Amino acid sequence: AVALCPVWTLLARRGGTLRELCGSLRGLAAGPETHFGFQTVTEAERREKIYQVFESVAKKYDVMNDSMTLGIHRIWKDIFVRKMNPSPGTLLLDVAGGTGDIAFRFLNYVHSVRERQLQRKLRQQQNLSWQEISETYQEDKLKSLGDSRVVVCDINKEMLKVGKQKAQHLGYSEGLSWVLGDAEELPFDDAKFDVYTIAFGIRNVTRIDLALREAYRVLKPGGRFLCLEFSHINNPLFSRLYDLYSFQVIPVLGEIIAGDWKSYQYLVESIRRFPPQDELKAMIEDVGFFKVDYQNLNGGIVAIHSGFKL
Amino acid sequence: KMAAAAAGSLRRAGWRLWRGRAVVNWQLCPPQRAIQASAVLRRVSDEQKKEPTVSSSQFDLHPNDYQPEQEPQGPHPSYTGQGGQESEDYESEEQLQHRILTAALDFVPEHGWSAEAIAEGAKTLGLSVAAAGMFHSDGSELVLHFVSQCNTKLCELLKQEQKKVQLGEEEKKPTDQFLRDAVEARLRMLIPYIEKWPQALSILLLPHNIPSSLNLLTSMIDDILHYAGDQATDFNWYTRRAVLTGIYNTTELVMMQDSSPDFEDTWRFLENRVADAINMSNTAEQVQSTGEAVVQGLMGAAVTVSSAEG
């Protein structure tokens, strides 16, 4: 692992330079300058800084989420998966899914839906012979998830490591895969997934439009794009309170609990820099998604954007 | 050294992939939007082809395809494009939704009126199961779509009959016969789904569905009475509709728990109710004329008495 780390940073840096070259060649980037929190940096620098942020917070990621949001992030993620309402047989790609929160919730949801389906089927089949009953039990045992699968993709190796450990600890074994990949350039073929989710990750992507285009590419026709992200509050009073909490309390918590003030300062600043709900909705529509809509949670602290590839 | 060699080959492979992608993106970027916009939405006339051939005239027609904020418009008139090929508009999202719901009706006997049936319907059209996320998770739209379809079919039927009567091919039916036949024809459309119809009724009674379901019911009753030749413009308009709505609803409920062959009991119940209604209106007239006669008699007696005294 120690030997791989410098190689990876080398790759990341070289990759960053290559991307910069491509960016200027394609003439698509407005310029190599972008933001990292409230600072102005080049795109390459931004990628590296973000990688380092998550490398350092990976082990304390879940603890910090709980303390910063007072545990409410769990409710947000529950609402998110309920909105997805996946049916058994769904193939989910969870991008920037690091520690696996969405993936685990997805597996739980699909499992319970499948249980209900099987119960309903059994109730309808009251007059079967013993042979037939045992056959149904056998075939359904193999499909307790009903062919649903989730692929967790993250650019950061540390986050994936923590996620794999969590999965082992909580006992999730089947239907789960972990892939190292960049949201702006996914290592998957076209039209492979039913649902693409990115929860609290699109904020950290340097070129959001590229990530959205990749999302469009890997989704099957009829597939759904779902994005859960911190967003903007309309109510001025509430917004002031939220700012107060964000800038005064969160970095302090970061220092006390994780010993890392700067990463959490970055977190809070990046939330302010992220486009508001309607702007993100327009960006999603530009890429070609239909029926794009958003739902505010907690007055706008968090928003769920949803779009379909039609 | 091994790591460096591996990194080198990875880098080269990555660069090749990246460059290939850049080329593909560059070439496809301008027309990509139109092709993306038509990943699933078909051309109105074309059943099979999904990708338009590149001709500039087609792109001009499609600004309303990827601006879903506007109301989805119906098919526009077509004209011949540059290549001598007919350029037509793509279907709107609403039309696609109708197609999905129609396909989903086949799965209702097995899955009930639910999001699962819609997901199965979407699958038959070649879409991902996630497309069911476009609809409410309780299956409301499916039921409303079905009811609206039945009403349209009934209207067609009545129109055909009226045409036959006007052409002299058939005799005009007496009112009670007409009403009986119309209600029976409409209720017969429920027979394939009779097992799950109680579930549909309960969905129609959900508070957020009541405006739509009431609307559909009243417009259906309106249509029946219109074709029955109802010309009333007085208070009778309301009483007739209220009575017929009552007859329809009660007959529907009787049909739910009717187990006689071909629902004979239901049709007999219907016959009796219609006869009752017609009798009641006759009786009402009789009561009115009797009342008038009594009043006139009393007035005459009073005049006689007063003139006898005077």
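In chain B, 68% of the contacts with a separation of 6 or more are between residues 24 or more positions apart, a contact being heavy atoms within 4.5 Å. For chain A the corresponding share, taken over contacts between residues at least 6 apart, is 76%. Keep in mind that this is a predicted model, where local features need pLDDT of at least 70 and side-chain atom pairs count only at pLDDT 80 or more, while totals for chains, interfaces and linings use all residues. Residues are numbered from 1 along each chain as its sequence is written, chains are lettered from A and ligands numbered from 1 in the order in which they are written, and side-chain values use heavy atoms, with hydrogens and water left out.

Let's start with the two chains. Chain A has 11 helices and nine strands, and chain B has 11 helices and two strands; helices (H or I, at least four residues) and strands (E, at least two) are DSSP runs numbered from the N terminus. Walk along chain B and the pattern reads α-α-β-β-α-α-α-α-α-α-α-α-α. Of the 310 residues in chain A, 52% are buried, and in chain B, with 310 residues, buried ones make up 37%. Here buried means under 20% relative accessible area, exposed over 50%, and partly exposed in between, with a 1.4 Å probe and protein chains only.

Now for the domains of chain B. Domain 1 covers 92–137 and domain 2 covers 139–289, with bounds that come from an automatic or database domain assignment. Their C-alpha centres sit 28 Å apart, and 16 residues of domain 1 of chain B are in contact with 16 residues of domain 2 of chain B. The size of an interface is often given as the accessible area lost when the parts come together. Between these two domains, about 1400 Å² is buried, with carbon and sulfur atoms giving 68% of that; buried area is the accessible area (1.4 Å probe) that two parts lose on being put together, summed over both. On the domain 1 side, L105(B), W113(B) and H136(B) lose the most area to domain 2, together 55% of what that side buries.

What holds for polar pairs across this interface? The rule finds six residue pairs in polar contact, both residues at pLDDT 80 or more. A polar contact is a pair of N or O atoms within 3.5 Å; within protein, one must be able to donate a hydrogen and the other to accept it, and residues adjacent in sequence count only if both atoms are side-chain atoms. Helix 3 (93–104), helix 4 (108–111) and helix 5 (115–124) of chain B each supply at least two residues of the domain 1 side that touches domain 2. The largest share, four residues, comes from helix 3 of chain B. Sorted by class, that side has nine nonpolar, six polar and one charged residues; Ala, Val, Leu, Ile, Met, Phe, Trp, Tyr, Cys and Pro count as nonpolar, Asp, Glu, Lys and Arg as charged, and the others, Gly among them, as polar. Salt bridges between the two domains come to zero, a salt bridge being a side-chain nitrogen of Lys or Arg within 4 Å of a carboxyl oxygen of Asp or Glu.

Zoom in on S114(B), in the loop between helix 4 and helix 5 of chain B. S114(B) is buried, at 16% relative accessible area. Its side chain reaches the backbone oxygen of H111(B) at 3.2 Å. Leaving out residues up to four places away in sequence, S114(B) touches G139(B) and L142(B).

Over all chains, the whole structure has 23 salt bridges. One of them pairs D101(A) with K166(A), the closest N and O atoms being 2.9 Å apart. D101(A) is in helix 5 (residues 101–124) and K166(A) in helix 7 (residues 157–170) of chain A, 65 residues apart. Both D101(A) and K166(A) are buried. Another joins D194(A) and K220(A) at 3.2 Å, N to O. That pair links strand 6 (residues 193–199) and strand 7 (residues 219–230) of chain A. D194(A) is buried, at 2% relative accessible area, whereas K220(A) is partly exposed, at 29%.
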